[in-house]
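Dear colleague,

I am handing over the structure below, together with some notes on what came out of going through it. Please read the notes with the coordinates open beside you.

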Amino acid sequence: MAYSFPEEVLEHVFSFLSSDRDRNAVSLVCKSWYDIERWCRRRIFVGNCYAVSPEIVIRRFPELRAVEMKGKPHFADFNLVPEGWGAYAYPWIAAMEEAYPFLEEIKLKRMVVTDESLELISKSYKSFKVLVLTSCEGFTTDGLASIAANCRHLRELDLRESEVEDLSGHWLSHFPDSCTSLVSLNMSCLGSEVSFCALERLVARSPNLRTLRLNRAVPLERLANLIRRAPQLVELGTGAYSAEIRSDTFSNLADAFSACKQLKALSGFWDVVPSYLPAMYSVCSGITSLNLSYAAIPSSDLVKLISQCQNLQRLWVLDYIEDSGLDALAASCKDLQELRVFPSDPFGAEPNVSLTEQGLVSVSEGCPKLESVLYFCRQMSNAALIAIAKNRPNFIRFRLCIIDPQAPDYLTLEPLDAGFGAIVEKCKELRRLSMTGLLTDRVFKYIGSHAKKLEMLSIAFAGDSDLGLHHVLSGCDSLRKLEIRDCPFGDKALLANAAKLETMRSLWMSSCSVSFGACKLLAQKMPRLNVEVIDERGPPDSRPEGCSVERAYVYRTVASRQRLDMPDFVWTHDEDSSLRYS
Amino acid sequence: METSVATELRLGLPGRDRSEAKIISVSNKRSSSEMDDSCDPQQESVVPAQKAQVVGWPPVRSYRKNILQKKAESSSDGSAMFVKVSMDGAPYLRKIDLKFYTNYLDLLKALQSMFKCTIGVYSEREGYDGSEFAPTYEDKDGDWMLVGDVPWEMFVTSCKRMRIMKGSEARGLGCL
């Protein structure tokens with residue numbers, strides 16, 4: 001072709017492409033498209049911060065405005081990744097300070113963020129707007145004070161479930177009076193009390209505030225005043241939902257709620273006093289998302305509230321809801337798409353509530369749009385799983401956790417292979433699956449044959465041999481993330497499927513039968529895989545090569561395989577082919 | 001397999017074919033905050049009903065664990081009030097936390113759900129007359145009483161354990 005569109009035209013066309021996949025595809029067409037695209041890409045998502053380096057990102061994309069990144073692997077949520085492993089945000093923040101003076105958004109998940117990083121963010125970017133820190137750690141409320149004080153145009157400050165060292169609530173008072181741009185504030189993970197006056201004034205001067213998630217320290221008596229100042233709220237997280245029963249407190253609260261015509265999502269609800277729940281009834285018909293996962297109240301009270309919410313799409317709740325409550329849910333919430341049931345007493349040896357597989361069966365029967373489930377329970381049967389699969393072939397996410405991880409079908413005492421087999425067979429769009437229970441290699445054969453769209457699989461205490469792992473790696477065409485703990489999977493399957501690992505984001509295996517020798521071999525064979533051996537017992541070559549490693553974390557990367565921030569319990573392949581450790 | 005496997009520590013469950021598991025602690029109910037570092041397999045055989053706690057299992061985020069502990073601690077004297085509940089004809093007992101309920105209605109609803117039975121409505125004169133089952137409890141003095149006779153607060157502090165009796169047997173209690 002002798003002619004082509006001028007760059008500006010192509011840029012304009014590309015500007016309509018928001019999906020990363022589309023943009024990546026565009027950049028593969030030809031060199032000039034690659035070049036044009038990289039100059040006009042404004043947002044990137046890095047699924048594994050060690051898959052690439054800041055230098056590489058900055059070199060390729062010189063004009064970014066928004067960066068989203070994930071650090072530690074998912075099992076870090078359950079303390080399986082030792083402290084100090086990595087995922088530090090600072091090197092990225094420091095590198096981006098120079099490269100992206102117009103950066104507006106930073107979203108990090110499972111990364112270690114220091115006060116220093118937060119201060120740097122707050123001072124480096126004149127138009128900084130959005131900071132979302134999901135499950136991050138390493139910073140204190142001092143870092144938040146810097147953000148509040150210096151980010152003049154801050155729109156979102158969202159600290160989802162991060163572990164913050166809470167020195168005091170004073171950080172909130174650092175928002176200057178001139179800051180009126182807030183759209184979203186989520187401080188629910190913080191412990192300290194903030195100044196209620198400062199909070200009220202902040203809310204009052206933020207006409208665009210859509211999301212306000214308070215922390216437990218904000219008492220119910222204060223809630224009415226806050227809501228009254230923000231009747232435009234779409235998402236509200238309450239603080240502690242308890243107070244002495246007083247009719248004026250109640251009517252105050254009810255009045256305030258009734259002014260919120262746009263409220264769609266409710267959360268918070270620590271320490272619930274059930275008598276105050278009816279104060280919210282006026283907004284319930286508009287509620288699509290309800291997070292009651294801290295509300296330790298009996299099923300009857302939960303049901304009274306839930307049955308007011310006919311348009312509910314998402315419900316997170318404790319197992320206090322019991323089977324009877326889930327029956328009621330199935331009857332009244334026909335639009336339900338996502339259900340998460342959390343355990344109230346996960347470490348108790350005996351059940352404390354009457355929640356069984358039946359609850360899940362009911363909901364799968366009664367809610368035709370249900371597509372995403374996270375369910376903790378204490379017993380399961382193949383029959384129930386088969387029924388659930390038949391009822392709901394539209395599942396996209398199915399995560400089941402039986403408290404006893406190797407529990408068989410409680411009716412037949414057989415493995416739950418057939419049940420999970422039915423799930424993957426019937427639910428053709430399944431993208432995420434977590435399994436528990438007594439499971440043999442057979443279930444992995446089913447998964448390998450049927451779960452063609454599966455992207456993330458979590459396995460614990462399951463399987464008999466390498467064959468199980470082999471089925472998954474060779475059969476699951478769309479697999480991106482595989483995390484395994486305490487399974488008898490080892491070297492053979494890993495080495496036989498080495499090439500597959502480069503098509504995935506990452507593989508985590510802890511307390512399995514992967515030997516150090518196999519890790520070395522894999523790393524030698526696959527130069528673009530980083531094979532991290534994470535072992536707190538000391539240098540792996542002080543033990544025989546056939547010895548199993550504590551943890552292996554394998555991920556594809558275009559960055560150096562010897563990351564500079566490796567702690568002394570992590571070993572990776574040394575390019576000189578003699579294993580070095582720091 | 002190498003002989004070194006025998007000395008290897010793993011983070012798996014005890015008791016399966018997998019080699020030695022590192023037991024993090026033997027958990028007592030609701031005391032997961034008091035982690036005992038001693039790996040003592042002996043302890044397990046002494047208290048067979050309790051399970052050893054394994055790292056990261058069940059997969060519950062730490063902030064969720066803490067919230068519920070706070071709830072347990074904030075109840076009046078900081079402890080739960082577990083009592084055993086037996087039902088005539090049922091093969092095993094259950095335990096419930098009386099502090100979790102605020103009135104008889106919720107308690108009876110819970111019992112009916114737990115034991116899949118109907119208990120019926122309480123009346124001062126007839127007790128649970130006419131119902132298939134009647135809830136009774138043993139009080140501090142060792143006497144067996146009908147559930148519902150005394151105010152709720154008094155019941156919670158004096159109840160040592162409960163028994164759901166067959167209606168026919170309970171008739172005697174109702175008319176005193």
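A:Glu105 counts as buried in this predicted model, because its relative accessibility of 14% falls under the 20% limit. The side chain of A:Glu105 meets that of A:Lys107 in a salt bridge, with 3.9 Å from N to O, and A:Lys107 for its part counts as partly exposed, at 26% relative accessibility.

A:Glu338 lies in strand S14 (residues 338–342) of chain A and A:Arg314 in strand S13 (residues 314–318) of chain A, so the pair ties together parts that are 24 residues apart in sequence. A:Glu338 is buried, with a relative accessible area of 11%, whereas A:Arg314 is partly exposed at 37%.

The surroundings of that strand deserve a look as well. Four of the five residues of S14(A) are buried, so this strand is largely enclosed by the rest of the structure. On one pairing, S13(A) and S14(A) run parallel and are joined by five bridges, with A:Val317 having A:Val341 in S14(A) as its bridge partner; the chain passes from S13(A) to S14(A) through helix H13 (residues 322–332) of chain A, in a right-handed β-α-β crossover. S14(A) also pairs in the parallel sense with strand S15 (residues 372–377) of chain A, over four bridges, and here A:Arg340 has A:Leu374 in S15(A) as its bridge partner. Together with helix H14 (residues 357–366) of chain A, S14(A) and S15(A) make a right-handed β-α-β unit.

Further along chain A, the side chains of A:Glu502 and A:Arg528 meet in a salt bridge at 3.3 Å, N to O. A:Glu502 lies in the loop between helix H20 (498–501) and strand S20 (506–510) of chain A, and A:Arg528 in the loop between helix H21 (516–525) and strand S21 (529–534) of chain A, so the pair ties together parts that are 26 residues apart in sequence. A network of salt bridges with shared partners joins A:Asp535, A:Glu536, A:Arg537, A:Arg543, A:Glu550 and A:Arg551, and over all chains the count comes to 38 salt bridges.

With best wishes

Notes. Residues are numbered from 1 along each chain as its sequence is written. Chains are lettered from A and ligands numbered from 1 in the order in which they are written. This is a predicted model: local features need pLDDT of at least 70, side-chain atom pairs count only at pLDDT 80 or more; totals for chains, interfaces and linings use all residues. Side-chain values use heavy atoms; hydrogens and water are left out. A salt bridge is a side-chain nitrogen of Lys or Arg within 4 Å of a carboxyl oxygen of Asp or Glu. Buried means under 20% relative accessible area, exposed over 50%, partly exposed in between (1.4 Å probe, protein chains only). Helices (H or I, at least four residues) and strands (E, at least two) are DSSP runs, numbered from the N terminus. Two strands pair if DSSP finds at least two bridges between them. A crossover is right-handed if, with the strands pointing away from the viewer, the path from the first strand over the helix to the second runs clockwise.
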